[in-house]
2 protein chains.
Amino acid sequence: MLNYSRQRESIKKYLDSHFTHPTAETVYLDIKEEFPNISLGTVYRNLNLLADMGEVLRISLGNGPDRYDGRTNPHYHFICSTCGEVMDMDMEPIPEIDAQARQNFSGVITGHVTHFFGLCPKCNKKNNILIRKGE
Amino acid sequence: MLNYSRQRESIKKYLDSHFTHPTAETVYLDIKEEFPNISLGTVYRNLNLLADMGEVLRISLGNGPDRYDGRTNPHYHFICSTCGEVMDMDMEPIPEIDAQARQNFSGVITGHVTHFFGLCPKCNKKNNILIRKGE
DNA sequence: TAAAAAAATAGGAATCATTACTGATTATGC
DNA sequence: GCATAATCAGTAATGATTCCTATTTTTTTA
């Protein structure tokens, strides 16, 4: 059975109010302000619990630590190839992708994860300025 | 400048003839037959080099070690939630996904990675047999 | 084709992210 | 309040990968 814990509540609240897709480490350091002796292990354990319950989303990037997202409605993410920032995509997940995948597949497809890559708005702007300057 | 190395050639050949999406560890252990004192670091370094040159594909699964694929034509992957097997999808990547992503995005989108999840054909079969048995 | 220069290697140490362990603390049900 | 179960903090351990260095291999040059 799952018992209440102040630490878990605080982690959930943190993710519900920060849209930066923080790492476990970032959550840990920020929540430390409120709970000075919370431990990193507790943060990891609770992020796992919350993710298992579907109350937060885990975003695995391939390199670097996992990110967490309090918005649990299905949505895609964008990862900037330059600065590494993770952003929510303003775009509906496309169910036809699963349908199409099922065409030639004899197993069961339950869903998909899609990450977009490229230059985030900020890095793109910087980049354009540099190009205009002829650098 | 990049020099020739027997080890790198062997790694490339291995990936070109094995469609199992092996981990660096697996590549290492198998190639050890031919080069008994190849080191794991060498395998990692060359997999990185090959991936950077676009001669192999790195597949990051989120949990567990990365997988590598000698087939470099763009394609999607399926990961079995039960046994963890990674399979190539027989399905064309959908360019409209990028187009749609660009609609409400002010940065630059260069591409996307999509992984499908579910039950692989083998695990699905096993599962169905268990269900029929009423277990 | 042998010596010099540059790149790659083996082997092991180091790092990073995450999980596991343990005795102390906190939450829950009576 | 007390017993029991869950959670915690702190730290050790693990797994995957990268880094480091002395040695070996490859390429260049003469």
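In the predicted model, strand S3 (residues 77-80) of chain B pairs with strand S4 (residues 86-88) of chain B in the antiparallel sense, the pairing extending over three bridges. Within this pairing, B:Ile79 stands opposite B:Val86 in S4(B). The two strands S3(B) and S4(B) form a hairpin with five residues between them, and B:Gly84 in the turn has a positive phi of about 80°. S3(B) also pairs with S5(B), here in the parallel sense and over four bridges, and the bridge partner of B:Ile79 in S5(B) is B:Phe117.

Strand S5 (residues 108-119) of chain A and S5(B) pair in the antiparallel sense over 11 bridges, with A:Val108 standing opposite B:Leu119 in S5(B). The contact between the two chains takes 27 residues from chain B and 27 residues from chain A. On the side of chain B that touches chain A, helix H4 (95-102), strand S5 (108-119) and helix H5 (121-132) of chain B each supply at least two residues, and the largest share, 12 residues, comes from S5(B). By class, this side of chain B has 13 nonpolar, 13 polar and one charged residues.

The relation between the two copies was examined by superposition. Chain B can be laid on chain A with an RMSD of 0.1 Å by a turn of 180° and a shift of 0.0 Å along the axis, which is the relation of a two-fold axis. In chain B, the C-alpha nearest this axis is that of B:Thr114, at 2.2 Å from it. Because 100% of the interface residues of chain B are also interface residues in chain A, the copies meet through the same surface.

Within chain A, the domain assignment gives domain 1 (1-72) and domain 2 (74-135), and the centres of domain 1 of chain A and domain 2 of chain A, taken over C-alpha atoms, are separated by 23 Å. The contact between these domains takes six residues from domain 1 of chain A and six residues from domain 2 of chain A. The side of domain 1 of chain A that touches domain 2 of chain A has, by class, two nonpolar, two polar and two charged residues.

A backbone feature concerns His21 in each chain. Most residues other than glycine have a negative phi. A:His21, although not a glycine, has a positive phi of about 55°, and A:His21 lies in the loop between helix H1 (6-17) and helix H2 (24-31) of chain A. A:His21 is buried, because 22 other C-beta atoms lie within 10 Å, where 20 or more are required. In chain B, B:His21 likewise has a positive phi of about 55° without being a glycine, and is placed in the loop between helix H1 (6-17) and helix H2 (24-31) of chain B. B:His21 counts as buried because it has 22 C-beta neighbours inside 10 Å.

Helix H3 (40-52) of chain A, together with H1 and helix H3 (40-52) of chain B, each supply at least two residues of the surface near DNA strand C. By class, that surface has nine nonpolar, 14 polar and four charged residues.

Methods
Residues are numbered from 1 along each chain as its sequence is written. Chains are lettered from A and ligands numbered from 1 in the order in which they are written. This is a predicted model: local features need pLDDT of at least 70, side-chain atom pairs count only at pLDDT 80 or more; totals for chains, interfaces and linings use all residues. Two residues are in contact if their C-beta atoms, placed from the backbone, lie within 7 Å. Ala, Val, Leu, Ile, Met, Phe, Trp, Tyr, Cys and Pro count as nonpolar, Asp, Glu, Lys and Arg as charged, and the others, Gly among them, as polar. Two strands pair if DSSP finds at least two bridges between them. A residue is buried if 20 or more other C-beta atoms lie within 10 Å of its own, exposed if 12 or fewer, and partly exposed in between; C-beta atoms are placed from the backbone. Copies are superposed by least squares on the C-alpha atoms of residues with pLDDT of at least 70 in both. Domain bounds come from an automatic or database domain assignment.
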